[in-house]
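The sequence and structure come first.

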Amino acid sequence: EVILSKVGYLFFIAAGLASIAAYYSGPAALEVLEQFTDVDPHYVEQHAVLGRASFVAGILLGVLALQAMLQYWQGSEPAKWVCWMVLVAALATCYLVAWTAHLGGLVRHTEIRSPELWVFPELPR
């Protein structure tokens, strides 16, 4: 059980660091995409807003996982509340990243824009 927890925490730390690259590559990706196709600014803006939320959530998840790993490295078990916070943050971050990815798909692939999925609501205009 402990080894799986440690691997999971290390994965979440790495994912938090990877979210930095994903977030900051967005503007360059948009520039490239605009060279090949017309993009709807509405979907781009929604993707950017959710991308920012996913970035913040990924960083927070990484920090929580780092807290748990620091407790392991100091020779003690992480507090139960830390474990639960990591779990809740991981689930929320997973949902946000999936929603962001869905919106990114809507930017590029006009054929999947309707009907809307109930699991990923559209942000107000």
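## Terms and model

A residue is called buried when its relative accessible area is under 20%, exposed when it is over 50%, and partly exposed in between, using a 1.4 Å probe and protein chains only. The model is predicted: local features need pLDDT of at least 70, side-chain atom pairs count only at pLDDT 80 or more, and totals for chains, interfaces and linings use all residues. Residues are numbered from 1 along each chain as its sequence is written, and side-chain values use heavy atoms, with hydrogens and water left out.

## Cysteines

A disulfide is a covalent bond between the sulfur atoms of two cysteines. Here a disulfide is counted when two cysteine sulfur atoms lie within 2.5 Å, and the count is zero.

C83 is in no disulfide, and its nearest cysteine sulfur, that of C94, is 19 Å away. C94 is likewise in no disulfide, with the sulfur of C83 as the nearest, 19 Å away. C83 counts as partly exposed because its relative accessibility is 26%. C94 has a relative accessible area of 53%, so it is exposed.

## Nonpolar cores

A nonpolar core is a set of buried Ala, Val, Leu, Ile, Met, Phe, Trp, Tyr and Cys residues joined through side-chain atoms within 4.5 Å. The largest one has twelve residues, among them L33, Y43, L50, W99 and F120. Two or more of its residues come from each of α3 (41-73) and α4 (80-108), where helices are DSSP runs (H or I, at least four residues) numbered from the N terminus. The most, five residues, come from α4.

Beyond its neighbours within four places in sequence, F120 is in contact (heavy atoms within 4.5 Å) with Y95, A98, W99 and H102. A second, separate core has eleven residues, including A68, Y72, V82 and A90.
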